[in-house]
Amino acid sequence: MNKRSTEEWKDIFDIALTKFKYNPIDGNFYYRKGLKYKKEGDLAGCINSLGYIVLGVTIDKKCIQIHAHRLAWYSEHKEIPYKIDHKDRCRSNNKSTNIRKCTSSQNAYNSSINVRNTSGVTGVSWDEHSGKWLCLVSLNKKRVCLGIYSDFEEAKDVVTKFRRENHKEFSSC
């Protein structure tokens with residue numbers, strides 16, 4: 001979210017909900033009223049370059065883009081959390097069962113595997129110096145070293161256990 005206050009966002013979201021209707025089962029928004037090029041009941045929004053669905057709302061002749069997952073949460077809970085996580089990591093899946101409020105750290109715990117990862121397991125990497133598998137995991141914005149292991153499966157199990165115990169429902173393993 002940008003520099004608008006929470007109260008300003010609530011006002012914007014309230015206006016948006018007069019224009020769009022949220023379906024929590026399929027996670028989509030639909031037009032409430034017909035517009036020049038859209039009929040009532042038509043699917044609303046488009047996918048942006050980051051994979052999120054965005055909706056446009058015109059207020060005082062200014063178009064404001066709203067992330068659909070934030071409006072969906074507001075529609076169901078009447079609150080605007082700092083962060084919202086997509087449980088399945090699919091940024092366009094805004095079903096009410098798939099979105100949850102979270103902290104920045106929790107959101108990071110549930111992130112997809114980094115494209116530079118070569119082990120296939122988040123938190124496990126090959127350490128050239130030791131010739132073993134290094135286990136590094138984040139917890140509360142700090143790096144935690146879980147050790148160095150000769151066996152990849154052992155390293156994987158250590159990281160998986162740690163993430164399940166500490167990242168709990170936000171663990172992506």
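1. A salt bridge is taken here as a side-chain nitrogen of Lys or Arg within 4 Å of a carboxyl oxygen of Asp or Glu. By this rule there are three. The model is predicted: local features need pLDDT of at least 70 and side-chain atom pairs pLDDT 80 or more, while totals for chains, interfaces and linings use all residues. Residues are numbered from 1 along each chain as its sequence is written, and side-chain values use heavy atoms, with hydrogens and water left out.

2. K161 and E165 form a salt bridge, N to O 3.8 Å. Both lie in helix α4 (residues 152-166), four residues apart, about one turn of the helix. Helices (H or I, at least four residues) and strands (E, at least two) are DSSP runs, numbered from the N terminus. K161 is exposed at 54% relative accessibility, and E165 is partly exposed at 45%. The classes are buried under 20% relative accessible area, exposed over 50%, partly exposed in between (1.4 Å probe, protein chains only).

3. R100 and D85 are joined by a salt bridge whose closest N and O atoms are 2.8 Å apart. The pair links distant parts of the chain, strands β7 and β6, 15 residues apart. R100 is buried at 13%, as is D85 at 2%.

4. The largest nonpolar core has 24 residues; F13, F20, F29, I66 and L71 touch the most other members. Such a core is a set of buried Ala, Val, Leu, Ile, Met, Phe, Trp, Tyr and Cys residues joined through side-chain atoms within 4.5 Å. A second, separate core of 10 residues includes C135, V137, L146 and F162.
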